[in-house]
Amino acid sequence: MLEPLPTLRRAIPLRAQNKSSSIPAAVRIALLLGLAGAAFHAGDSRADKSTVCSITVNSADEKETFRRYLPEDKYRFVELVEKGRPDWLASACRQQVSCDVLVISGHFNGTEFFSEHVDSREYLPVEEMERASCSESCPGLFSKLKEVYLFGCNSLNAEPASSASAEVARVMVRSGSSRADAERVARALSDRHAESNRDGMRRIFMDVPVLYGFSSTAPVGSVAAGVLDRYFRGGAAAEVGKGRPSARLLGQFSSHAMTAAAGLRASDPRAAHRQEVCQFYDERLTAADTLAFVHGILKRDIGEVRMHLERMEGFAATLGEAERASPAYIDALDALHRDRVARQRYLAFVHASDEPAVRARMVRLARNLGWLTGQEERGELVQMVTDVMAGSVIASGHVDLICALNEEGSLDAALDLTAAARAPAPSAGHAAVRACLGSEADRERILQTLTSANDDDVRMAQIYLERHPITDANELRTIAARIALMTEPQAQVRALNALAGHRLADRASLAELVRLFPNARTVGVQRALAGIFIRSDFRMMDTRELAGVLREYRIKSADGEDLIDVLIRRLQSA
């Protein structure tokens with residue numbers, strides 16, 4: 001996570017209070033005018049240039065194309081990313097960089113721009129963009145922009161992201177409301193809170209005349225650069241930085257789903273929503289101010305509370321000790337503690353929710369806000385687990401959630417509260433949950449399940465092993481031998497992927513898997529084996545023999561170079 005952006009204040013120089021100056025007024029005025037003129041001409045070369053800022057977290061192809069075609073006497077370029085430092089955006093703020101044009105290059109997943117290179121540490125979270133936009137802590141960085149180019153997939157996708165409004169409606173029905181009332185409330189919540197990527201970018205880049213982005217898959221950097229090259233070769237450089245949508249640019253990218261939008265205006269109906277969102281990110285507000293705002297939300301209809309859950313979580317989780325210890329924050333927290341009505345309504349929603357992950361998140365937030373003690377938090381989570389166990393179907397997400405929550409063993413009590421604790425678990429999902437709660441019998445069952453023919457059951461075992469890897473070498477050998485005998489390729493791939501996380505260093509287990517490679521039925525199985533070998537201790541294998549087996553028995557594929565090729569090169573170098 002990038003460091004919070006500092007609130008910048010313009011320094012006002014102190015001047016001597018000399019009322020009886022010996023310099024005549026006319027002379028003083030002439031001197032001041034002369035100095036002002038000199039200062040103006042000194043900065044003249046920069047003043048009439050447009051500044052193109054770039055945030056390059058993946059491909060530099062797009063930025064370099066802009067640089068190649070925009071004349072130096074009219075444009076200056078500033079790269080905001082500083083390699084090796086996590087606070088590069090804050091650094092740009094401290095330098096008071098002022099941007100006319102912003103070019104952002106990176107893969108986009110709705111929450112951050114990131115690199116395809118696993119060793120890259122540079123990324124741009126939307127949360128940091130929110131902070132820069134809302135708190136005005138970066139004078140000029142966003143506020144003076146005329147154009148923004150978002151070279152990331154779905155960066156201006158207009159389809160609303162998944163909304164919690166349907167969940168709110170289900171809870172209302174479970175709590176006794178009519179379906180018609182629940183659907184009416186859900187529609188109202190969705191209209192007010194549901195946002196697409198396009199809505200979010202328009203809100204962040206408020207008042208910016210033109211935003212360019214993509215409604216679906218964006219072209220990779222080299223392809224985007226080629227399209228930009230054709231655009232600029234047509235004499236379009238003069239369009240950049242003018243703050244007017246370019247039909248020529250959109251036409252060049254028409255086959256790549258480029259689209260344009262304008263930043264939000266104060267007159268837009270969603271401007272009120274932006275003001276509310278900014279309450280969570282505006283650094284000019286103290287922690288006590290934000291907590292008072294959160295308290296106001298908690299007083300509202302519980303549907304509104306649910307829609308703001310993620311932002312309230314972020315606020316509560318990032319508070320520092322000094323902020324929590326301030327008298328103003330303590331007073332605001334005390335007022336929240338005394339609001340028993342809001343607390344009761346909040347916990348009633350928690351108990352009625354049919355989403356275990358949401359229940360766990362809301363319980364954690366209640367603990368962070370002081371509405372639950374540590375013991376009460378554990379009690380709420382134990383009840384959630386027993387409710388999940390009482391269901392006839394347990395999803396893989398439920399297994400992962402409960403295994404993660406019980407890493408310290410604090411929820412083991414839930415196993416004893418299960419009505420059929422001593423009876424066999426009715427499904428692999430139930431067995432995986434019970435194994436995560438400390439049941440040795442269910443652990444044995446889930447290890448057997450890892451090599452079953454049912455892919456869904458193998459998935460449950462895989463999730464369990466991600467949290468509770470096998471440490472006994474004999475167990476690993478037994479499982480490796482059983483995986484080699486599996487006949488269902490999809491389930492076999494999943495079982496091999498589960499084993500890959502163990503970074504094998506056992507000679508016998510690896511030898512068993514090497515023997516499997518020539519007999520693998522699909523290229524997927526062979527690639528899964530390569531994934532195990534590449535993560536394993538090469539000292540436990542005959543690298544020359546393995547490289548020979550890979551070359552001789554690999555199944556031909558039209559996909560081009562893959563992990564098997566990478567493994568062969570590493571074996572050769574080893």
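**Figure 1. The disulfide between Cys53 and Cys99.** In this predicted model, a disulfide (a pair of cysteine sulfur atoms within 2.5 Å) joins Cys53 to Cys99, with an S to S distance of 2.0 Å. The torsion about the S-S bond of Cys53 and Cys99 is about -90°, so this disulfide is left-handed. Cys53 lies in strand β1 (residues 50–56) and Cys99 in the loop between α4 (88–94) and β3 (101–105), so the pair ties together parts that are 46 residues apart in sequence. Helices (H or I, at least four residues) and strands (E, at least two) are DSSP runs, numbered from the N terminus. Cys53 counts as buried at 0% relative accessibility, and Cys99 is likewise buried, with a relative accessible area of 0%. Buried means under 20% relative accessible area, exposed over 50%, and partly exposed in between (1.4 Å probe, protein chains only). Residues are numbered from 1 along each chain as its sequence is written, and side-chain values use heavy atoms, with hydrogens and water left out. Because the model is predicted, local features need pLDDT of at least 70 and side-chain atom pairs count only at pLDDT 80 or more, whereas totals for chains, interfaces and linings use all residues.

Figure 2. By the distance rule, the count comes to three disulfides. The sulfur atoms of Cys134 and Cys278 are 2.1 Å apart in a disulfide, and this link is left-handed, with -70° about the S-S bond. The pair connects distant parts of the chain, with Cys134 in helix α5 and Cys278 in helix α11, 144 residues apart. Cys134 and Cys278 are both buried. In the disulfide of Cys403 and Cys436, the sulfur atoms are 1.6 Å apart; this link is right-handed, with 75° about the S-S bond. Cys403 belongs to helix α20 (residues 396–405) and Cys436 to helix α22 (residues 428–436), distant parts of the chain 33 residues apart. Cys403 and Cys436 are also buried.

**Figure 3. Helix α11 and its surroundings.** Six of the eight residues of helix α11 (residues 271–278) are buried, so the helix is largely enclosed by the rest of the structure. These buried residues are Ala271, His273, Arg274, Glu276, Val277 and Cys278. The buried residues of α11 pack against α5 (126–135), α7 (179–193), α8 (197–204), α12 (287–298) and α14 (309–317), where contact means heavy atoms within 4.5 Å.

**Figure 4. The two cavities.** The structure holds two cavities of 30 Å³ or more. On a 1 Å grid over the protein atoms alone, a cavity is a set of points where a 1.4 Å probe fits but cannot get out, and a pocket is an open set with protein on both sides within 12 Å along at least five of seven lines; lining residues have an atom within 4 Å of a point. Grid points are joined across faces, edges and corners, and a volume is the space filled by probe spheres set on the points. The largest cavity holds about 40 Å³ of space and is lined by Glu195, Asp199, Arg202, Arg203, Leu264, Arg270 and Arg274. Helix α8 gives the largest share of this lining, three residues. By class, the lining of the largest cavity has one nonpolar, no polar and six charged residues. Ala, Val, Leu, Ile, Met, Phe, Trp, Tyr, Cys and Pro count as nonpolar, Asp, Glu, Lys and Arg as charged, and the others, Gly among them, as polar. The second largest cavity holds about 30 Å³, and its lining includes Tyr149, Tyr212, Tyr231 and Arg244.

**Figure 5. The largest pocket.** The largest pocket has a volume of about 1600 Å³. Of the 49 residues that line the largest pocket, Glu127, Glu130, Tyr281, Glu310 and Arg311 are the closest to its centre. The elements that give two or more residues to this lining are α5, α8, α12, α13 (302–307) and α14. The lining of the largest pocket divides into 19 nonpolar, 16 polar and 14 charged residues.

**Figure 6. Selected salt bridges.** A search of the whole structure finds 44 salt bridges, each a side-chain nitrogen of Lys or Arg within 4 Å of a carboxyl oxygen of Asp or Glu. Asp455 and Arg494 meet in a salt bridge, 2.9 Å from N to O. Asp455 lies in helix α24 (residues 455–467) and Arg494 in helix α26 (residues 489–500), so the pair ties together parts that are 39 residues apart in sequence. Asp455 is buried, with a relative accessible area of 15%, whereas Arg494 counts as partly exposed at 22%.
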